[in-house]
Amino acid sequence: MSFKGWINQKRRKIMHAITKKVGSSYVEPTLEVGKNINIKNILVIRPNHRLGNQLLTTPLVQEIENTFPNCSIDLFAKGGVAYAVFENYSSINKIYQLPRKPFNNLFKYVMCWVSIKRKPYDMVINGDKDSSSGRLLTNLAKAPLKVFGDVHEDIQKTYDDYLHISKYPIYNLRLYLSKLGYPANNNPLPVLNLKLTETEISNGKNILDELVKNNKPTICIYTNATGNKCYSEAWWESFYVKLKNEFSNSYNIIEMLPIENISKINFKAPHFYSKDIREMGGIIANTSIFIAADNGVMHLASAALTPTLGLFSRDNQAIYGPYGNGSLPLYTKVKSQDNCIDEVRNILIK
């Protein structure tokens with residue numbers, strides 16, 4: 001680990017220790033006697049700049065929209081990717097954009113916090129229980145109702161998927177609302193959704209058709225990831241050979257390239273490159289399956305509503321695994337490449 005990484009790790013541990021007792025969703029929510037609050041203006045706090053973490057917030061926003069159909073949602077995010085992710089969410093009123101490097105933009109950083117304090121809301125929801133700044137901002141915001149994000153023991157006893165970073169905020173919100181007297185909500189949880197338009201999907205099809213130049217369905221792979229989530233060139237080249245041997249007669253096999261414009265299979269497959277996440281999503285939406293290690297583009301594929309096979313080198317698929325639309329996470333320390341091929345086949349025949 002680099003010195004910078006070590007410092008960040010220590011900083012996060014210290015901040016978490018300081019803020020873990022800041023607020024609680026499970027102090028019984030109370031309102032003034034006789035007051036019936038109309039929940040319309042809602043603040044969602046998810047101060048993280050990564051693509052995957054913003055996409056993983058889309059189910060919570062959908063849950064809020066479904067529960068309060070005429071609501072107005074402000075989103076407190078970090079970096080600029082939230083604008084593209086939530087472009088087609090009509091409920092989103094304003095996105096507060098924290099700078100990625102606070103100390104390089106200290107005035108803007110402070111003014112974002114001040115903006116939260118100035119505007120009153122009906123409800124504030126912290127989208128990540130482990131975010132120190134999220135808990136502090138939730139505590140700072142002006143609202144009679146605050147969901148800090150703690151996973152209550154009732155949730156842990158009832159739902160075996162409560163660890164998932166997209167799911168537990170929804171379970172928290174549902175339990176909190178039930179304590180306010182709202183009826184129990186047992187509807188299926190929303191999935192990640194980029195809300196691609198028909199035009200975006202059509203444009204993606206045109207790009208894909210130009211690449212493959214045939215009418216066969218397409219398997220798309222993405223061979224990059226960060227840190228120890230990344231598989232080696234040897235692993236990907238072996239897996240690519242297995243994919244070709246099993247599926248190339250009936251399917252195209254293409255590779256989406258990362259922003260670094262590199263390939264773990266040495267560009268052996270037809271490939272495409274884009275920095276536009278909505279264009280990337282439009283292309284992925286026209287494929288039959290997307291295969292990638294745990295990374296933001298894996299979540300992008302899931303949000304494009306394409307069956308996604310997520311490859312996990314670390315045992316945290318219960319927290320970050322793709323779900324819905326036939327998607328599946330695989331822990332490759334216990335699953336072989338042949339097991340992965342079997343799961344690809346199972347997904348494709350569904």
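This is a predicted model: local features need pLDDT of at least 70, side-chain atom pairs count only at pLDDT 80 or more; totals for chains, interfaces and linings use all residues.

1. Let's start with strand β7, residues 252-256, where 5 of the 5 residues are buried. Side chains in a regular strand alternate between the two faces of the sheet. Here both faces are covered: Asn252, Ile254 and Met256 are buried on one side, and Ile253 and Glu255 on the other.

2. What are the neighbours of β7? Strand β6 (residues 218-222) runs parallel to β7 and is joined to it by 4 bridges, with Ile221 partnering Glu255.

3. The N-terminal end of α11 is capped by Asp276, which places a side-chain oxygen 3.0 Å from the backbone nitrogen of Arg278.

4. Is Ser327 buried or exposed? Its relative accessible area is 13%, under the 20% cut-off, so Ser327 counts as buried. Ser327 sits in the loop between α13 (317-320) and β11 (328-331). Its side chain has a polar atom 2.9 Å from the backbone nitrogen of Thr308 and also reaches the backbone oxygen of Gly324 at 2.9 Å. Residues that Ser327 touches include Ser302, Pro307 and Pro322.

5. Now for the charged pairs: the model has 13 salt bridges. In one of them, Arg174 and Glu63 bring their closest N and O atoms to 2.8 Å. This pair links helix α8 (residues 168-179) with helix α3 (residues 58-67), 111 residues apart. Both ends are buried, Arg174 at 12% relative accessibility and Glu63 at 2%.

6. Asp150 and Arg135 form another salt bridge, at 3.2 Å from N to O. Asp150 is in the loop between β5 (145-147) and α7 (153-158) while Arg135 is in helix α6 (residues 132-140), so the pair ties together parts 15 residues apart in sequence. Arg135 is buried, at 2% relative accessibility.

7. Finally, Glu246 meets Arg345 in a salt bridge at 3.1 Å, N to O. Because Glu246 is in helix α10 and Arg345 in helix α14 (residues 337-349), the pair ties together parts 99 residues apart in sequence. Glu246 is partly exposed at 39%, and Arg345 is partly exposed at 28%. Shared partners join Glu246, Asp342 and Arg345 into one salt-bridge network.

Note on methods:
Residues are numbered from 1 along each chain as its sequence is written. Side-chain values use heavy atoms; hydrogens and water are left out. A polar contact is a pair of N or O atoms within 3.5 Å; within protein, one must be able to donate a hydrogen and the other to accept it, and residues adjacent in sequence count only if both atoms are side-chain atoms. Helices (H or I, at least four residues) and strands (E, at least two) are DSSP runs, numbered from the N terminus. Buried means under 20% relative accessible area, exposed over 50%, partly exposed in between (1.4 Å probe, protein chains only). Two strands pair if DSSP finds at least two bridges between them. Contact means heavy atoms within 4.5 Å. A salt bridge is a side-chain nitrogen of Lys or Arg within 4 Å of a carboxyl oxygen of Asp or Glu. Lists of a residue's contacts leave out its neighbours within four places in sequence.
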